[in-house]
Amino acid sequence: MTTALIEPTPELAAEADARFEGIADPVEQALAVLRWAGETFGDSFALTSSMADGLLAHLAARAHPGVQVIFLQTGYHFAETIGTRDWIASVMDIRVLSVEAEKTVAEQDAEFGPALHDRDPDLCCDLRKVQPLARTLAGFSAWGSGVRRDESVTRVGTKVVDWDAKRGMVKVNPLAAWNQDDVDAYVHEHQVPVNPLVEIGYASIGCAPCTRPVAPGEDPAPAAGPAAARWSAASTPRGDTPGMTRPQALSPEEVATAVAELTHWDGDVQGIYRRVEFPSFRAAVDAVVQIADVAEEMDHHPDLDLRYDCVRIAVVTHDAGGVTELDVELARRVDALFPGTNGD
Ligand code: SF4
């Protein structure tokens, strides 16, 4: 593990966010955030990339040459994605860390049977993505990714510099304020490599068994655009306001990503949960009321389990058949109410 130049703290993240949030130009803001992260944490800073394109890597190479870029090599990637990784690595001043799961796909097949992704995608994602990412990030003090506020309703509050309390790390989101026009303009101006799959209709790039192109006439937003597009009139539950729509269940990959970006939550497509411990039984009861107020406002009703001074909150949209963006948004609002650590 590389020693950070400066110890990561929530205060450091908050101070940096306040400083960089005021930069209006998205390119200048991203470069400033990346330069700061590189200068502050040195080799203890890394970015993650799905290799959908080289935008973030290009910015990072300008701001902090030699920056490390983590790529989760699940063993299920399209050849085009591996090609994009190698393309980016060959034309930019970055160091790509291809992180593999403990077991090869063949070893996993031997232990769990073939095509685990079809039978238990949660376990497959855990083995091939969640665990390898957690192991890798444990060796760093700060990390960054290319999430944008305009991607979904759950990301509208994304800070350019944040505190990842779950990992005890600083998290930077240099593209938080970017929109698709900003992306297109930068990619065009700098001739940034883009995964060929994007050109033929793949709105997001993931493992081959779990990724499909967007059909003609289909809204690509579930993977890449505004969150409102995930909401489907077909899944409107009984009791909702006429015309109001409900979100659809997220994929295992999307849930894993959402959980990783939440501060205190755990779970899978069956539900996400968090425990919070309070100083007293009375404080825990008050907390339940606060959660209820937020939940009612969202017309959403989590399971709440109160045991003396500890509240366990579990959220899933049963009528959608799994965790939805509505659940993730509720989790975010609960975290805003109780930003402290989990009770477990
Ligand atoms: S996205 Fe699909 S193939 Fe990739 S790790 Fe998850 S379940 Fe497995």
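Colleague: Which helix gives the largest share of the shell around the ligand?

Modeller: Helix H7 (residues 121-137) does, with five residues; helices are DSSP runs (H or I) of at least four residues, strands (E) of at least two, both numbered from the N terminus. This is a predicted model, in which local features need pLDDT of at least 70 and side-chain atom pairs count only at pLDDT 80 or more, while totals for chains, interfaces and linings use all residues. Residues are numbered from 1 along each chain as its sequence is written, and side-chain values use heavy atoms, with hydrogens and water left out.

Colleague: What makes a residue such as His 117 part of the group that surrounds the ligand?

Modeller: A residue is near a molecule if one of its heavy atoms lies within 4 Å of it. The ligand is surrounded by Tyr 76, His 117, Pro 121, Cys 124, Cys 125, Arg 128, Lys 129, Cys 207 and Cys 210.

Colleague: Why is the pair of Phe 78 and Tyr 202 called edge-to-face?

Modeller: Rings of Phe, Tyr and Trp (its six-membered ring) pair if their centres lie within 6.5 Å; planes under 30 degrees apart count as stacked, over 60 as edge-to-face and the rest as tilted. The centres of Phe 78 and Tyr 202 are 5.4 Å apart and the planes stand at 70°, so the pair is edge-to-face. Phe 78 is in the loop between strand S2 (67-73) and helix H4 (79-91), and Tyr 202 in the loop between helix H9 (196-199) and helix H10 (221-224), so the pair ties together parts that are 124 residues apart in sequence.

Colleague: How do you know that Asp 335 and Arg 274 form a salt bridge?

Modeller: A salt bridge requires a side-chain nitrogen of Lys or Arg within 4 Å of a carboxyl oxygen of Asp or Glu. The closest N and O atoms of Asp 335 and Arg 274 are 2.6 Å apart, and the two therefore form a salt bridge. Asp 335 belongs to helix H13 (residues 325-337) and Arg 274 to strand S10 (residues 271-277), so this pair ties together parts that are 61 residues apart in sequence.

Colleague: Is Tyr 308 buried or exposed?

Modeller: Tyr 308 counts as exposed, because its relative accessibility is 57%. Tyr 308 is found in the loop between strand S11 (303-307) and strand S12 (310-315).

Notes:
Buried means under 20% relative accessible area, exposed over 50%, partly exposed in between (1.4 Å probe, protein chains only).
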